[in-house]
Amino acid sequence: MTYAYFPGCTLKTKAVDLDKWGRASMEALGVTLEELPQWQCCGAVYPLAKDEIATRLSSVRALMAARDQGRPLVTLCSACHHVIKRANYDLAHDETFRSRANAYLAPQTPYAGETQVLHYLEVLRDVVGFDNLAKQVKNPLTGVKIGAYYGCLLLRPSRQMAFDDPENPTILEDFLRAIGAEPVVYAQRNECCGGYVTLEDAGFARSRAAAVADNAAARGAQLLTTACPLCLYNLRQGGSVRTVYFTELLAQALGLKEGQL
Amino acid sequence: MQVNETFTPTIVAFCCNWCSYAGADLSGTNRLQYPANVKIIRIPCSCRLNPMFILRAFQRGADGVILCGCHPGDCHYTTGNYYARRRMTLLFSLLDFMGIERERTRVEWVSAAEGAKFAATMNDFTQTITRLGPNRRLEDLRCKVE
Amino acid sequence: MQRIGVFVCWCGSNIAATVDVETVAQTLAKEPGVVFSTDYQYMCSQAGQELIQEAIREHRLTGVVICSCSPRMHEATFRKTVEKAGLNPYLLEIANIREQCSWIHKDKLTATQKAVILGRAAIAKVQLNAPLTAGKSPVTKRALVIGGGIAGIQTALDIAEAGFPVDIVEKKPTIGGKMTQIDKTFPTLDCAACILTPKMVDASQNENIDIISYAQVEKVQGFVGNFSVTIRKKARYVDEHKCTGCGLCTEKCPQKKVPNEFNLGLDNRRAIYIPFAQAVPKVATIDPNYCAMLKSGKCGVCAKVCTAGAIDYKQQDQLITREYGAIVVATGFEPIQLDKFDEFAYSQSPDVVTSLEFERLMNAAGPTGGTLLRPSDGKHPHTLVFVQCVGSRCDGAEKGKSYCSKICCMYTAKHAMLTREKYPDTEVYVFYIDVRTPGKNFDEFYRRAVEEYGVHYIKGMVGKVTPQDGKLKVQASDLLGGRQLRIDADMVILAAAIEPDKTARPLATMLTASMDTNDFFTEAHPKLRPVESPTAGIFLSGACQGPKDIPETVAQASAAAAKVIGLLVKDSLTCNPCTAKPDELMCNGCSSCEKVCPYGAITYVDKSFRGPNRTTLIRRVAQVNPAVCQGCGACTVACPSGAMDLLGFSNQQILAEVDAICR
Amino acid sequence: MQSRVIEKAASLLESGACTRVLGWKAGAFFYDVTPAVFTCAQEVREQMVFNPFCGANLSKYLIAESRKEGRIAVFLKPCDTFSFVQLQKEHRIARDKVWAVGVQCRGMCDIDSLKELGLKGVTAVEEAEDDLRVTTLYQEKTISRKEALSPRCHTCKSRKLLDCDELIGDQGQDLPSSRFAQVEALEAMTPEERFAFWRGELSKCIRCNACRNVCPACSCEKCVFDNPNSGVQNKAAASSFEENLFHIIRAFHVAGRCTDCGECTRVCPQHIPLHLLNRKFIKDMNEFYGPYQAGGDFDAKPPMLAFTLDDPEASIITNGRDGQ
Amino acid sequence: MTDWTNRVQEISGVNPRKCMKCGKCTATCPAYDQMEYHPHQFVDMVCTGRVEELMASKGIYTCLGCFACVERCPRSVEPANLIEAVRLAVIRQQGGNHMKPDQIPGLLNEELPQQAITSALRKYSKGG
């Protein structure tokens with residue numbers, strides 16, 4: 001099965017590791033991710049204002065392109081996933097937005113949220129299957145205690161994101177188990193890392209990241225993993241525990257990436 | 001189809017006594033508005049609705065007919081609405097097969113607690129019928145009462 | 001020729017403000033057959049009823065149409081009214097111009113026009129009404145109570161006290177319900193067991209009460225006065241009559257790791273068990289999910305130690321069918337699952353508990369012997385945080401329950417007070433949205449918790465609980481203090497919303513009793529008939545109807561019993577005369593009607609008919625038992641020849657209404 | 001075949017096994033065969049026929065005939081036996097008063113089919129294996145039997161002879177049938193096209209009641225349309241009548257009971273394809289509630305008198321190209 | 001004179017009257033200490049027409065957009081949407097931008113992902 005892949009801007013620059021190992025691993029697992037031609041920035045934040053149309057349009061373009069290819073749209077960056085998934089939800093549920101977006105972009109076939117938007121992790125879980133993944137692991141991360149850091153954007157608001165239980169998610173823990181690691185469940189895994197406020201108030205952002213990392217460390221985590229470049233940045237700036245992208249762990253477990261933990 | 005601004009459809013709503021008629025009462029008790037075009041006929045159970053009544057309503061100038069009954073599983077008489085469901089499903093399918101607008105007939109399950117659903121259903125149904133315009137297809141050519 | 005009287009009610013301003021009642025009366029006066037038409041302020045009042053009766057006599061009316069509120073409200077009233085004036089009560093029709101007209105329309109012209117049409121439909125129908133006489137059906141003088149909690153026990157005791165036999169069906173191995181798990185009761189703080197267990201014993205010893213425990217209702221047939229109920233009594237693999245309740249087997253059973261549901265899984269029991277010391281009936285039960293003998297045929301310890309020879313591994317489920325005149329639903333409640341609220345870390349830390357679990361942790365018969373200890377490490381907790389309204393008062397089903405669970409404010413005050421009383425070294429915080437304590441001596445109780453016991457009541461909510469370093473880091477708001485609080489707590493106690501027991505929904509279907517969207521049973525009238533279900537002969541007791549505390553539950557239980565007694569003292573009931581009636585001349589005897597009748601009211605006889613040329617033809621024709629027929633009308637549509645019609649809702653009557661509306 | 005049928009009928013009367021025989025006899029024209037009751041062997045030998053024009057389904061007559069004194073023998077073609085079973089399920093026929101002789105059938109012919117082949121002034125038709133020898137005023141011609149079949153026999157669903165006391169000819173099997181093709185073709189039209197089709201057809205109705213009178217399912221003691229209490233009594237005598245209502249209600253009343261014998265369409269003097277209404281019901285019931293053949297057996301519960309908890313809702317209906 | 005109260009409700013699509021004043025939003029807010037007015041007060045102030053005071057508050061720029069208040073609100077009020085709407089009411093005005101592109105270079109460091117810059121610009125200015 002081939003999926004339309006939306007990498008997003010950060011994955012082309014600062015978060016190359018998230019992208020590179022993500023692609024390599026999927027290929028090794030027999031799933032083809034084909035980068036959407038001429039994708040544009042997702043917009044980075046989902047506009048909460050009901051009257052903002054233009055800022056949601058680049059997501060709509062990506063969604064329409066995937067629809068035209070007849071493929072589900074896969075994202076890897078949490079922020080891109082959040083924005084695109086919610087824009088798609090609006091297209092399916094908000095008639096005003098739907099008609100205005102269609103009027104603006106004037107596609108050949110009107111678009112009403114038909115594209116299935118999947119996060120990379122969902123493909124791992126539902127297409128590859130964690131059982132199947134476990135079978136393909138060459139270098140299991142046996143004994144490594146890893147705290148999964150979900151952050152906010154993958155989970156909330158759960159009504160729109162419909163990704164996992166927003167208060168007690170399990171997908172990353174199940175993933176960690178599949179690659180042989182020992183997941184550490186800690187309460188702060190779905191609390192904010194400090195987000196974009198890091199630009200204006202780095203100190204505050206660091207204190208947020210520290211609270212997350214400290215809680216994880218206190219519960220025994222030796223390593224944190226995340227799907228979001230901004231979370232990774234904040235945790236590296238303010239946290240006391242080493243943080244890596246989950247695709248790096250995946251690639252390592254599959255024997256694609258050298259490295260030690 | 002042209003939307004006729006002055007067209008006010010006649011709509012007959014058959015309501016079972018135990019759930020939907022009580023639901024209609026509740027929407028009244030809660031002062032939830034729905035168009036006056038809707039006139040309710042009380043029947044003991046949705047299974048009392050004879051297709052004859054529906055056809056006769058259309059013959060006599062109704063533009064839409066809706067049947068409301070207890071939700072499946074909640075029939076006061078245990079099983080009545082299950083029979084009603086089969087009968088109406090087949091009847092509506094036949095009407096559709098004869099080219100009569102599918103949207104002129106509807107079945108909706110409304111419980112005694114669903115006053116809001118009753119009002120919303122009637123508002124929606126009236127809108128649909130208004131959009132469809134006057135019933136022409138189910139009037140029998142040879143029995144027009146002038 | 002019909003002589004019809006039309007009576008238009010103002011209902012004060014309820015109708016008259018939106019419907020021009022005078023115009024309605026005048027317009028309807030011109031309808032064919034109408035000889036009298038008037039309007040009046042309150043038709044249902046004494047004066048209004050007299051007005052109707054006078055008109056019936058003066059104008060020799062053959063039919064009456066009342067344009068008023070819903071027939072569900074006053075049809076019965078007006079039937080009596082016309083009957084007293086000598087008219088058959090079924091020669092009356094009501095046009096609903098309040099709930100279905102004046103209350104839903106604002107424009108007076110529109111509402112008036114609609115009222116006229118509704119009046120016309122009623123006139124058209126009443127023209128075809130026939131006088132009907134209600135038949136009688138006998139009453140089985142035995143009641144069934146479903147659920148053996150405090151509600152069911154109280155109802156059963158009261159019915160039994162009045163001299164009627166009553167059966168309690170309880171799905172658990174013992175009666176007693178939720179109250180057995182409660183430590184103390186508010187607002188008096190007497191021990192729940194001390195007031196409940198004597199009632200349980202009373203019930204078991206009362207000659208009129210038969211307790212069918214470890215059993216569930218499987219099938220319900222019939223109708224008020226004449227229910228036939230099939231009960232599945234599950235195999236407990238112990239002969240109830242032989243078991244002495246000595247409990248030796250429960251000590252010797254080698255399977256020790258069975259989560260003990262009585263203590264909500266806070267400790268373990270054996271595979272053969274007696275739920276608690278005061279269980280009724282006090283007999284052991286084998287849990288087939290854990291018993292090695294039942295699973296693999298290897299063990300048999302309990303049979304070896306049982307001197308009474310009560311163990312029976314071959315026991316089967318038993319089906320009991322009994323006849324009842326009335327059924328009381330007392331299925332109670334359950335606290336909700338908390339998986340949607342893991343911001344409180346319920347799944348992450350054993351020290352986050354529900355209030356019911358807290359009851360067990362405080363109870364002398366509980367897993368800690370009545371000493372409050374943290375489940376995680378068995379240490380004495382110093383800081384306790386209570387969170388109210390967990391899952392109650394939510395917007396929409398995906399968030400939680402929309403209603404207030406009603407009992408949480410009081411039991412939380414009780415928990416806080418008892419904790420402070422027993423352990424003065426503790427700090428106790430209660431986070432509340434509102435404290436709701438209507439009830440006798442309730443607010444005084446809550447104030448004592450604050451004023452005398454020093455419980456910190458904080459207006460605000462807990463936002464996040466983070467288990468870390470042996471503590472529960474509670475982040476919360478103090479809205480009146482204008483602070484965000486961060487408390488290092490030892491325990492967090494969640495006041496989980498309550499919901500109806502899961503067995504209630506399928507039971508409601510079997511009973512054809514209606515439920516609201518929250519799965520609480522609906523009462524026949526929210527104010528005036530609070531313990532009856534709209535389905536005749538089905539009564540409601542306790543929390544199955546809505547959240548209730550113990551005093552309220554007991555009050556409602558006795559009220560339900562009074563209603564049941566009122567039914568069972570009657571020798572017969574007046575039937576609904578609006579039953580199906582076949583026209584034998586048209587009946588084919590094809591059995592279509594019989595196949596759709598839910599009551600088995602239709603039978604067939606071979607009957608002689610006069611054929612052509614003085615011959616006699618014998619034909620099979622349908623007969624309806626009017627005492628059994630409930631008047632749904634399923635048969636009338638199944639009948640291909642239209643031989644089956646429904647009295648009171650005949651084909652012609654309904655068609656006349658259709659014509660009147662569509663004309 | 002004809003001789004075997006006549007011999008059988010005569011011998012049943014002669015032996016006293018039956019007092020009457022229900023069969024067919026020729027009418028004014030040879031193709032104008034009508035049902036008839038014979039009371040003696042001589043009558044049978046003189047008048048009884050069994051030829052490719054014996055399309056009439058005799059089951060319905062058994063309702064009245066089986067009530068009379070003595071046993072009656074009846075000759076039933078496969079499709080007639082479905083009606084025979086269905087009527088028994090409805091307690092309409094006293095089975096012990098009937099001696100049912102199953103006659104295997106290779107499809108019945110229709111004079112209109114012959115006319116469509118350009119054969120005018122037909123005076124006789126003789127069977128010869130798979131062919132028919134047709135004599136007209138002008139010529140003699142041999143045609144394939146297939147070409148002359150009545151339209152309903154092209155989509156024959158079964159050659160099974162159900163519940164017979166004896167058979168003439170072999171027992172048959174269910175056949176693969178494309179009987180729903182026409183229904184499907186209509187379903188595929190737009191609602192406007194369908195409406196035009198049915199208005200065109202039903203407006204031809206003269207309310208002669210032939211469809212009702214021939215239908216084995218329309219065998220009510222007194223038809224709802226003749227019942228003054230039904231509110232829909234016969235309007236044939238009036239200047240106006242309700243052709244939609246009549247045909248819809250008729251189809252609804254026989255839904256789940258109609259065996260799809262096709263008699264209604266065969267007898268319609270206006271050639272309205274009435275069986276399509278019944279077939280639509282049959283097709284829907286098969287699709288919504290599982291396959292069911294009225295009169296196919298004695299046990300299966302008719303779909304209109306049964307339900308399941310998860311039956312589809314009325315809102316599922318979407319025929320062909322309508323919908324949004 | 002702009003009717004900010006209505007404007008803010010329109011932009012956000014939030015009905016502040018659904019709030020039952022439980023304070024869970026404030027309890028859960030990670031940016032509590034940075035804010036002058038806290039989420040439940042936001043809702044209340046929109047309800048009571050005190051939007052201009054909110055517009056003047058610096059707290060509107062410290063909302064992390066983490067949606068914890070939205071997720072955990074028992075009444076589905078969505079305080080974060082209100083805060084964003086108040087912020088937009090400010091920055092959509094002439095010269096209302098909270099952050100200007102020329103401020104950015106001074107805030108950058110080697111590791112900072114551009115996602116952060118784009119987000120901040122989107123949140124703080126109408127240019128986006």
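Visitor: Which residue stands opposite Ala148(A) in β7(A)?

Guide: Thr225(A) is the residue opposite Ala148(A). The model is predicted, so local features need pLDDT of at least 70 and side-chain atom pairs count only at pLDDT 80 or more, while totals for chains, interfaces and linings use all residues. Residues are numbered from 1 along each chain as its sequence is written, and chains are lettered from A and ligands numbered from 1 in the order in which they are written.

Visitor: Why are β11 and β17 of chain C said to stand at the edges?

Guide: The open sheet of chain C has the order β11-β12-β17, with antiparallel pairing. β11 (215–223) and β17 (318–324) of chain C each have a single partner strand, so one side of each is left without a neighbour in the sheet. From one strand to the next the twist averages 20°, an angle between N-to-C directions of lines fitted to C-alpha atoms, on a scale from 0 to 180 degrees.

Visitor: How many bridges join β11(C) to β12(C)?

Guide: Eight bridges join β11(C) to β12 (residues 226–233) of chain C, and the two run antiparallel. Val220(C) has Val229(C) as its bridge partner in β12(C).

Visitor: What is in contact between chain B and chain C?

Guide: The contact involves 43 residues of chain B and 41 residues of chain C, a contact being two residues whose C-beta atoms, placed from the backbone, lie within 7 Å. On the chain B side, α1(B) gives the most, with six residues.

Visitor: Which two domains is chain A divided into?

Guide: Chain A is divided into domain 1 (2–120) and domain 2 (130–253), with bounds from an automatic or database domain assignment. Their C-alpha centres lie 23 Å apart. The contact takes 20 residues from domain 1 of chain A and 17 residues from domain 2 of chain A. α4(A) gives the most to the domain 1 side, with seven residues.

Notes. Two strands pair if DSSP finds at least two bridges between them. Helices (H or I, at least four residues) and strands (E, at least two) are DSSP runs, numbered from the N terminus.
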